[in-house]
Amino acid sequence: MKRKTRVGLLTSGGDCQGLNAAIRGVGKTLYQYVDNIEIFGMYDGYRGLIENDYQYMRPIDFSGIISTGGTILGTSRQPYVPGKAIVDHEGNDVMPAMLDTYNRLNLDCLVVLGGNGTQKSAKLLQDAGMNIITLPKTIDNDIYGTDETFGFQSAADIATTVIDCIHSTALAHRRIFLVEVMGRDAGWLTLTAGIAGGADAILIPEIPYDIESVARTIERRKKEGRTFSIIAVAEGAISKEDKILSEEERRRLKDANPYSTISYRIAADLKRATGQETRVTVPGHYQRGGQACPYDRVLATRFGVAAARLIMERQYGYMIGVQAGQIVRVPLEEAASQTKFLPTDHPLIQTARDTGAGFGD
Ligand code: F6P
């Protein structure tokens, strides 16, 4: 009898839209083309691999999930020491436990769906001897080696809708509104939602802001007869004066910061600088929730199918990505090597500037 192909699947890190579409893409393709396939879904990301907690996935498990949010397998954030080890919350190395599950199941390959951090930790699994294929998921779009990650478009849709809704109330009350957008230290999501929502200023981590410059954008609008202003603020936005501080100094400042997020601090500064009533909206995890948009469902499906094809070819050690519209396989060490920040000469930044948005620089 032909040898079985045994594949493990897990979703790790923060969830996002499209995870189930990607899982479905892997499972349906493997069941369709590979005889003697066995697929095991690890529960809650690396936790399932560490604790030997998984489900055997039948074809039916991959049905009816393309439109559901979250992840049918659950996910978790596992601490890791960059470039060195994946650890538990006490700092103990969990690699032996993970290897144990991998070997006990006699897996040919483990497919890891994860964000920027997970690409790096998955590389450690590969270094430890596992056959790994990864898929890039995150609303942050900050994974190196791929133009796009699934989850990003869906989150951009939501953040844009928030900015759209804020417009009418901002206008009615003649207020400045700050909408804080997720994305960690990368500005992709804020820039996209900012342009799509017609924000008047867009503050992203890659372009440190000067509060006087943001205030000038608002004053200019007032002179043009605009009674309200909308600012898309990345959660990782940083002022020019904070940017030049050491990491330690920044941490101390953050601990002493009376404002819960950066937007509240900017709002207080702008109120002082302009005298105008200012409010903050933080959609937070709402941006990661619910159904994937059709674009993400298609992208995640393409990624899932491509991962299955790699498994059929017994090619491991790659992240599936998309470059210039084409699906590509990126060596995992390359994908894990750095974070994809928004280049400050990105054409979309100029597009926003050309339509009058300020960046606070
Ligand atoms: O990486 C995805 C992301 O949603 C970031 O945009 C955000 O900073 C972070 O995760 C939030 O993490 P958590 O879900 O652990 O609060």
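This is a predicted model: local features need pLDDT of at least 70, side-chain atom pairs count only at pLDDT 80 or more; totals for chains, interfaces and linings use all residues.
Let's start with the open sheet, where four parallel strands follow the order 9-10-8-11. Strand 9 and strand 11 (278-281) sit at the edges, each pairing on one side only. On average, neighbouring strands here are turned by 20 degrees against each other, direction ignored.

Inside the sheet, six bridges join strand 8 to strand 10 in the parallel sense.

Helix 6 (residues 188-196) lies across strand 8, strand 9 and strand 10, and runs at about 175 degrees to strand 9. Helix 7 also lies across strand 8, strand 9 and strand 10, with an angle of about 155 degrees to strand 10.

Helix 7 covers residues 211-223, 13 residues in total, and its 18 Å from first C-alpha to last is close to the 18 Å expected at 1.5 Å a residue. Its buried residues are Ile211, Ser213, Val214, Ala215, Thr217, Ile218 and Arg221. The elements covering them include strand 8 (176-181), strand 9 (201-203), strand 10 (229-234) and helix 10 (262-274). As background to such a pattern, residues three or four places apart in an α-helix point the same way, because there are 3.6 residues a turn. After helix 7 comes Gly225, with a positive phi near 90 degrees.

Is Arg265 buried or exposed? Arg265 counts as buried because its relative accessibility is 16%, and the cut-off for buried is under 20%.

Leaving aside residues up to four places away in sequence, Arg265 touches Tyr209, Ser239, Glu241, Asp242, Leu253, Asn257 and Tyr259.

## The nonpolar cores

The largest nonpolar core has 63 residues, and Leu9, Leu30, Leu113, Leu135 and Phe150 touch the most other members. Domain 1 (5-151 + 292-335) and domain 2 (155-288) each supply at least three residues to this core. Another core lies apart from it, with 21 residues that include Val94, Met98, Ile132 and Leu332.

Beyond residues up to four places away in sequence, Leu135 touches Ala22, Val26, Val111, Val112, Leu113, Gly114, Gln119, Phe150, Phe303, Gly304, Ala307 and Ile320.

Note on methods. Residues are numbered from 1 along each chain as its sequence is written. Side-chain values use heavy atoms; hydrogens and water are left out. Helices (H or I, at least four residues) and strands (E, at least two) are DSSP runs, numbered from the N terminus. The expected span of a helix is 1.5 Å times one less than its number of residues. Buried means under 20% relative accessible area, exposed over 50%, partly exposed in between (1.4 Å probe, protein chains only). Contact means heavy atoms within 4.5 Å. Two strands pair if DSSP finds at least two bridges between them. Axes are lines fitted to C-alpha atoms, for helices over the stretch in contact, and angles run from 0 to 180 degrees between N-to-C directions. A nonpolar core is a set of buried Ala, Val, Leu, Ile, Met, Phe, Trp, Tyr and Cys residues joined through side-chain atoms within 4.5 Å. Domain bounds come from an automatic or database domain assignment.
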